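Please open the model in your viewer and keep the selection panel at hand.

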Amino acid sequence: MKRALALAVCLGSAPALAEPVLDPAYGEGMVLQRGEPIVITGTAAPGETVRGTLGNSAATAQAGPDGSFILTFPARDASDEGATLTLSDPSGETVVSDLLVGDVYLCMGQSNMELPVTRALDADNQLRQAADDGIRVLKIPKVTASVPQAELSEPVAWRAATVESVADFSAACFYMAKQLRADRGNVPVGLIHSNWGGSAARAWLSPDSVRALEGDEALSLLSLYEEDPLAATQIFAPRWYDWWESGAEGRQPWTDSDMLDWQPIPQFSFWNDWEGTGLDTNPVANVWLRQTFTLTAEQAASGGQLAIGAIDDLDLTWVNGNPVGYTFGWGVERTYRVPSDFLHEGENEVLIAANNSWDNGGFFAGPERLQFMPAGGDPIPLGADWDYSIGTVQGVPPRAPWDSNAGLGVMYNAMIAPLGPMRVAGAVWYQGESDVGQPDYDTKLRELFAGWRRQFGEQTRMLVVQLADFGERHSEPVESGWAQLRQEQLDGAQADDNAALVTAIDLGEPTDIHPANKNVLGRRLAMAAQGEAMPMPQGARREGDRIIVRFSGIEGDLRALGGSAPLGVEVCEDSAESCRWADASVAGQTLVIDAAPMETITRVRHAWADAPIVNTYDARGLPLPGFELELAD
């Protein structure tokens, strides 16, 4: 088979051909993981014997009833000389060439991992030096699914690093690869970019991990949503009701919307532009929206679909008090099925509870996007004269299991599961901004790690980026959701024998949640990927009239830049409000804290703030991470 035809087959773009077809993430130019059995998956005619050769190695497998097959070749050493994979069965042959053997890394997370090279520091200069045939990149399309998928949403292709292929690729991931290439010589590096800005950690959980954290009921609800979104919404809605009623003194607008104070919406736009409403100064809010439409008896009996346009960020929508849909997505057009038993002749009410949790928010689709569509009839416009009422309940409502941003496993199902059981050297995880204020991040990390290792092999090394500094600077110690999440990132990494915490706590920009210095972060990730120890707190103990904090992973002696004293060191008593600054110094690889009265101190902290100032580093220029330690007796 000619090379072009073989590539079309392996990418799934020629479904009429009967030859063995590789699964979507396998293809010409990819990197195979060195030192591990090489697992190749694909599909063929059910029951057919598939034979494969990779260089001078051979393997055979029988396709199952669904046509899937797995070929396993012996482990290979690193090689930058392109190998050829040949698959055949009685129907034909597929040939894929230019396969390198090296180290493969899966780079995942939210917008800081997604941030491309073009937005990182020194982009123009770095792009001029980007070309490297020994770095191969694969970018996974962004889509969600409520159940695991076998295919990606669109064809993908491995590409050698060039200006064009790297420009919109993860900067942190690419700079890690550049450093790995510099350190390891000719060992190829394969990078898989699978990221989604704003995503929550639970969106990346495997089904087994969802079960471990949430139980079988959550998986059942996801499966139901796949078959019947309306039925799933009916089951989910009571959770939303409980949340609302707990903060609204039991009032239920979905049963009687007249209990709210209504005003005409000023315009169809982000409600940031609704001058004088209060939403223009604080758009982070829950807002009710209301409209009516009139049906004949025949139209009501037919049922139909309700189109309400796009809402930023999420909505729960009712028709005549019946929940018909829940969606998260600032640019997603909502269309919900409305059965006939939810409708009646005459006036029918649409009620929407819209939530915005960040930046722009609102009900911004024009009236031309809003309509009720009776089955088999002409659309009924919903018009421009909607009413609104600002909700009294604060905060983000419960998130449905199928929520596209924070649903249970919805990104794993569509963006990780289709990668199949290929082997990788490591998974790089830069996420957490969306989980600030949510409990048990260390437990989520444990289950994320478990799910990825079940898929990609127990050898997979986990690299966790501790969040960069962002937010308001404070002159006094404060409680910090960002600091608490950093601590849980540290706890999750320390609990795993093959994980490392790579801190970005000194690389942020207090006024920009997307710091540009991914260059230094990439170099730190490369160090951790190669097993180089990172600075980690190991314990704090009273020794006379001082507290000694010990660390692992320190090279040389600690040093406090810009002066002799480490900054951001606190001592705390039992209560959360008892923390205070403490004088500290460095002594070799330890931190020495002077504080009194010593007998009342129970904890020490470092860099415990949203945007701390960090100035304590080891000889490699690696900072101490943010942490809290209980004092040992």
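**Stop one: a helix across strands**

Select helix H12 together with strands S26 (536–543) and S35 (627–632): H12 lies across both strands and runs at about 105° to S26. Helices (H or I, at least four residues) and strands (E, at least two) are DSSP runs numbered from the N terminus, while axes are lines fitted to C-alpha atoms, for helices over the stretch in contact, with angles from 0 to 180 degrees between N-to-C directions. This is a predicted model, in which local features need pLDDT of at least 70 and side-chain atom pairs count only at pLDDT 80 or more, whereas totals for chains, interfaces and linings use all residues. Residues are numbered from 1 along each chain as its sequence is written, and side-chain values use heavy atoms, with hydrogens and water left out.

**Stop two: the partner helix**

In H11, Tyr-441, Asp-442, Leu-445 and Phe-449 meet Leu-485, Glu-488, Gln-489, Asp-491 and Gly-492 of H12, where contact means heavy atoms within 4.5 Å.

**Stop three: the sheet**

Now select the open sheet of 8 strands, ordered S30-S29-S33-S35-S26-S27-S32-S31 with mixed pairing; two strands pair if DSSP finds at least two bridges between them. Strands S30 (580–581) and S31 (583–587) stand at the edges with a single partner strand each, so one side of each has no neighbour in the sheet. Strand S29 (residues 569–572) runs antiparallel to S30 and is joined to S30 by 2 bridges; Val-571 has Arg-580 in S30 as its bridge partner.
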